[in-house]
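Colleague: Could we go through this model together? I should like to start with the overall fold and then turn to details.

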Amino acid sequence: EDFLNLIFKAMMKDSLNSSRPVSSAVQSSEQIEEMFDALSYIKGASLLLMLKHYLTKDVFQAGIEVYLHNHNYGSAQSDDLWDSMNEITNGTLDVKKLMKTWILHKGFPLVTVVRKGKIISVQQEKFLYRVEPENWTSDASYLWHIPLTYITSSCNFTHCTNAYLLDQKSGM
């Protein structure tokens, strides 16, 4: 419950146009210090939980083990973690491409789901809580790769989970 409260606080900060990406290039030690805030830690943890749920616990765990083994006693970059996950998924999913849409974009998407009979359509757009005119920039080109999981009447959440990757503005 405490973590969920932290997530909502980070989302509130991230929903402002003045937000920043989780990962970005820095030029000075002051910029490095600015990067270590609630947004980096809480949004970063949330993104790892999202990835773990989408890949499944066992696949995610195996990717972490490969990452730790490959970078034992060394330094690493964020791409190294995604490369380790790609190694485990054997090319069935480009984890690096998926995660870069989350860590290199500021903010997060609003997903709208519409059901018409048996047809479900989904659409994404950048969510903004409040537009701040002095900091406003158009983010119309933002596109996230959103792992969506769902259940149907033929199965429940504990026995089977269906997954869909929304990697376009809209899909069915």
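Colleague: How many helices and strands are there in the protein chain?

Modeller: The protein chain has six helices and five strands; helices (H or I, at least four residues) and strands (E, at least two) are DSSP runs, numbered from the N terminus. Along the sequence the pattern reads α-α-α-α-α-α-β-β-β-β-β. This is a predicted model, in which local features need pLDDT of at least 70 and side-chain atom pairs count only at pLDDT 80 or more, while totals for chains, interfaces and linings use all residues. Residues are numbered from 1 along each chain as its sequence is written, and side-chain values use heavy atoms, with hydrogens and water left out.

Colleague: What share of the 172 residues is buried?

Modeller: Buried residues account for 33% of the 172 residues. Buried means under 20% relative accessible area, exposed over 50%, and partly exposed in between (1.4 Å probe, protein chains only).

Colleague: Which residues have the most contacts inside the largest nonpolar core?

Modeller: They are Leu51, Leu55, Trp82, Met85, Val95, Met99 and Trp102, in a core of 21 residues. A nonpolar core is a set of buried Ala, Val, Leu, Ile, Met, Phe, Trp, Tyr and Cys residues joined through side-chain atoms within 4.5 Å.

Colleague: And which elements give two or more residues to it?

Modeller: Those elements are α3, α5 and α6. Helix α6 gives the most, with five residues.

Colleague: Let us take α3, then. How far apart are its end C-alpha atoms?

Modeller: They are 25 Å apart, which agrees with the 26 Å that the 18 residues of α3 (residues 38–55) should span at 1.5 Å a residue. The expected span is 1.5 Å times one less than the number of residues.

Colleague: Which residues of α3 are buried?

Modeller: Leu39, Ser40, Ile42, Lys43, Gly44, Leu47, Leu51, Tyr54 and Leu55 are buried. As a general point, an α-helix has 3.6 residues a turn, so residues three or four places apart point the same way. After α3 comes Thr56, with a positive phi near 90 degrees.

Colleague: Where else is phi positive without a glycine?

Modeller: Tyr73 has a positive phi of about 60 degrees, and Asn90 one of about 50 degrees. Tyr73 is in the loop between α4 (57–70) and α5 (78–89), and Asn90 is in the loop between α5 and α6 (95–103).

Colleague: Are those two buried or exposed?

Modeller: Tyr73 is exposed at a relative accessible area of 82%, and Asn90 is exposed at 67%.

Colleague: Turning to the sheet, what is the order of its strands?

Modeller: Three strands form an open sheet in the order β1-β2-β5, with antiparallel pairing. Strands β1 (109–116) and β5 (170–171) stand at the edges with a single partner strand each, so one side of each has no neighbour in the sheet. Two strands pair if DSSP finds at least two bridges between them.

Colleague: How many bridges join β1 and β2?

Modeller: Eight bridges pair β1 with β2 (residues 119–126). Thr112 stands opposite Gln123, and Leu110 stands opposite Glu125. The hairpin of β1 and β2 has two residues between the strands, and there Gly117 takes a positive phi near 65 degrees.
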